[in-house]
Amino acid sequence: MQGIGLVILTLGIIGLIWGVLQKVKAGRVADAPLASTGDVVHKGGAVAGAKGQISVQGSVQCKQPLIAPFSGTPCLYYRIKCTAEWKDGDTNKSKVLDEQKVAADFAIDDGSGAVRVDAREGGDFEPTQTKRESKGAGLLGGLTGKELAFGDYRVQVGALNMGTKYSVEEEVLPIVPRLYACGVLADQGLITSPKWRQLLLSSKSREELLSSATKGAKLFLAGGAIAFLTGSGLAAVAALALSACSVTG
């Protein structure tokens with residue numbers, strides 16, 4: 001019973017954390033003034049919030065989309081990370097060999113004028129596509145060193161690296177026709193990531209994203225609280241039962 005209680009308790013904590021994150025997202029969307037893209041370009045800070053927060057929505061304009069190196073997906077942004085994993089005696093070790101965040105030069109236009117978006121720092125984007133793969137160099141490659149290919153992404157394997165596994169993870173924001181962006185206003189009408197929070201990009205409209213985040217916050221906070229209390233109760237009862245058994249034994 002104690003094991004079940006701890007599992008339910010853990011799920012409750014995860015639910016509460018996710019609920020808080022959704023509540024924070026809903027608050028960000030609600031607090032960021034929604035302005036026309038043309039007003040952001042021409043009026044700047046006059047249409048932004050007190051801390052420079054701003055949001056826009058409209059059609060995506062991108063003259064030169066990126067091609068994600070691993071999946072080959074045409075995209076507005078990708079993040080790719082390569083990790084090496086190996087055993088040192090009885091210890092499992094790992095090291096991040098490379099991590100890149102790359103964004104295309106793109107803008108959002110609701111018909112009143114295009115405003116550029118700087119997504120180079122990444123953020124909370126949807127929809128995203130993720131691809132992962134792990135490979136070993138093999139006996140010969142581990143002895144001599146060679147390149148491992150993950151699509152067009154190459155990993156240089158050092159010599160005498162037998163037993164090392166290389167994992168590549170790629171996250172992509174594919175090209176979508178419309179986006180909602182929530183960030184802060186930088187120079188020249190550029191929307192970028194806040195210093196204290198992530199840039200939000202979503203193919204949902206502001207109203208859809210706000211509704212989804214608000215409902216998600218209520219659902220996960222309520223469910224997480226119930227699971228937390230239930231799991232705590234089961235774990236406590238099990239601990240008391242074990243204590244009682246040990247005393248009588």
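**Pocket and aromatic pairs in a predicted model**

Biologist: How much space lies in the largest pocket?

Modeller: In this predicted model, the largest pocket holds about 340 Å³ of space. Its lining consists of 16 residues, and those closest to the centre are Leu21, Gln22, Lys25, Asp124 and Leu200.

Biologist: Changing topic: how many aromatic pairs does the structure hold?

Modeller: There are 2 aromatic pairs. One of them joins Phe70 and Phe150 in an edge-to-face arrangement, at 5.8 Å centre to centre and with 85° between the planes.

Biologist: Where do Phe70 and Phe150 lie?

Modeller: Phe70 belongs to the loop between strand E2 (66–67) and strand E3 (74–88), while Phe150 is in strand E9 (residues 147–150), so the pair ties together parts that are 80 residues apart in sequence.

Biologist: Is Phe70 buried or exposed? And what is the relative accessible area of Phe150?

Modeller: Phe70 counts as buried because its relative accessibility is 4%, and buried means under 20%. Phe150 has a relative accessible area of 0%, so Phe150 is buried as well.

Biologist: What about the pair of Tyr77 and Phe125?

Modeller: Tyr77 and Phe125 are also arranged edge-to-face, with 5.0 Å centre to centre and 90° between the planes. This pair links distant parts of the chain, since Tyr77 is in strand E3 and Phe125 in strand E7, 48 residues apart. Both Tyr77 and Phe125 are buried.

Biologist: Back to Phe70: which residue lies over its face?

Modeller: Lys131 lies over the face of Phe70, at 4.6 Å from the ring centre.

Biologist: Which charged end sits over the ring of Phe150?

Modeller: That of Lys135, which is 4.9 Å from the centre of the Phe150 ring.

Biologist: Finally, the whole chain. How many helices and strands are there, and how much of the protein is buried?

Modeller: The protein has 4 helices and 14 strands. Of its 249 residues, 39% are buried.

Biologist: Among contacts between residues at least 6 apart in sequence, what share joins residues at least 24 apart?

Modeller: The share is 66% of those contacts.

Notes: Residues are numbered from 1 along each chain as its sequence is written. This is a predicted model: local features need pLDDT of at least 70, side-chain atom pairs count only at pLDDT 80 or more; totals for chains, interfaces and linings use all residues. Side-chain values use heavy atoms; hydrogens and water are left out. On a 1 Å grid over the protein atoms alone, a cavity is a set of points where a 1.4 Å probe fits but cannot get out, and a pocket is an open set with protein on both sides within 12 Å along at least five of seven lines; lining residues have an atom within 4 Å of a point. Grid points are joined across faces, edges and corners, and a volume is the space filled by probe spheres set on the points. Rings of Phe, Tyr and Trp (its six-membered ring) pair if their centres lie within 6.5 Å; planes under 30 degrees apart count as stacked, over 60 as edge-to-face and the rest as tilted. Helices (H or I, at least four residues) and strands (E, at least two) are DSSP runs, numbered from the N terminus. Buried means under 20% relative accessible area, exposed over 50%, partly exposed in between (1.4 Å probe, protein chains only). A charge sits over a ring if NZ of Lys or CZ of Arg is within 6 Å of the ring centre and within 35 degrees of the ring normal. Contact means heavy atoms within 4.5 Å.
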